[in-house]
Amino acid sequence: MINERGGVNGRKIRLISLDDAYSPPKTVEQTRRLVEQEQVLFIFGSLGTATNTAIQKYLNARKVPHLFVATGATKFRDPQHFPWTIGWAPS
């Protein structure tokens, strides 16, 4: 519906989902692909503490929003050090 109405500020929304096999090295590889090749606006709802730990510094260094990280780990609630990461699961 949003795309049919012209998108957001004229940009169409496209959902890209890649399989990282729940492996931190693969998560890094797939995240770099999304950021560097696909030029995504943000990463949304990625699952797991180990996998998200592997990409947190990279995404924050690139200023790519890392939104609603699907883990209860408190390390993803540190806006002072990682302002581009927002955790999702409540403690």
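A residue counts as buried under 20% relative accessible area, as exposed over 50%, and as partly exposed in between. The model used in these exercises is predicted.

**Exercise 1.** Classify glutamate 29 by its relative accessible area, and describe its salt bridge with lysine 26.

*Solution.* Step 1: the relative accessible area of glutamate 29 is 46%, so this residue is partly exposed. Step 3: the two side chains meet in a salt bridge with an N to O distance of 3.4 Å. Step 4: both residues belong to helix α1 and stand three residues apart, so about one helical turn separates them.

**Exercise 2.** Which parts of the chain does the salt bridge between glutamate 38 and arginine 14 tie together?

*Solution.* Step 1: the closest N and O atoms of glutamate 38 and arginine 14 are 3.1 Å apart. Step 2: glutamate 38 sits in the loop between α1 (24–37) and β1 (43–44), while arginine 14 sits in the segment before α1, so the bridge joins parts 24 residues apart in sequence. Step 3: glutamate 38, at 28% relative accessibility, is partly exposed, whereas arginine 14, at 60%, is exposed.

**Exercise 3.** Describe the salt bridge between arginine 32 and glutamate 36, and name the network that includes them.

*Solution.* Step 1: the closest N and O atoms of arginine 32 and glutamate 36 are 3.4 Å apart, within the 4 Å limit for a salt bridge. Step 2: these residues lie four residues apart in helix α1, about one turn of the helix. Step 3: arginine 32 is partly exposed at 38% relative accessibility, and glutamate 36 is partly exposed at 36%. Step 4: Arg32, Glu36 and Arg62 are linked in a network of salt bridges. A search of the whole structure finds four salt bridges.

**Exercise 4.** Determine how α1 is oriented against helix α2, and what kinds of residue form the contact.

*Solution.* Step 1: the axes of α1 and α2 (residues 49–61) come within 8 Å and cross at roughly 40°. Step 2: angles under 35 degrees would count as roughly parallel; at roughly 40°, α1 is therefore oblique to α2. Step 3: the crossing of α1 past α2 is right-handed. Step 4: α1 contributes Pro24, Thr27, Val28, Thr31, Arg32, Val35 and Glu36 to the contact, and α2 contributes Ala50, Thr51, Ala54, Ile55, Tyr58 and Leu59. Step 5: by type, the contact residues comprise eight nonpolar, three polar and two charged.

Note on methods: Residues are numbered from 1 along each chain as its sequence is written. This is a predicted model: local features need pLDDT of at least 70, side-chain atom pairs count only at pLDDT 80 or more; totals for chains, interfaces and linings use all residues. Side-chain values use heavy atoms; hydrogens and water are left out. Helices (H or I, at least four residues) and strands (E, at least two) are DSSP runs, numbered from the N terminus. Buried means under 20% relative accessible area, exposed over 50%, partly exposed in between (1.4 Å probe, protein chains only). Axes are lines fitted to C-alpha atoms, for helices over the stretch in contact, and angles run from 0 to 180 degrees between N-to-C directions. Angles under 35 degrees count as roughly parallel, over 145 as roughly antiparallel, 65 to 115 as roughly perpendicular and the rest as oblique. A crossing is left-handed if the near helix is turned anticlockwise from the far one by less than a right angle, and right-handed if clockwise. Contact means heavy atoms within 4.5 Å. Ala, Val, Leu, Ile, Met, Phe, Trp, Tyr, Cys and Pro count as nonpolar, Asp, Glu, Lys and Arg as charged, and the others, Gly among them, as polar.
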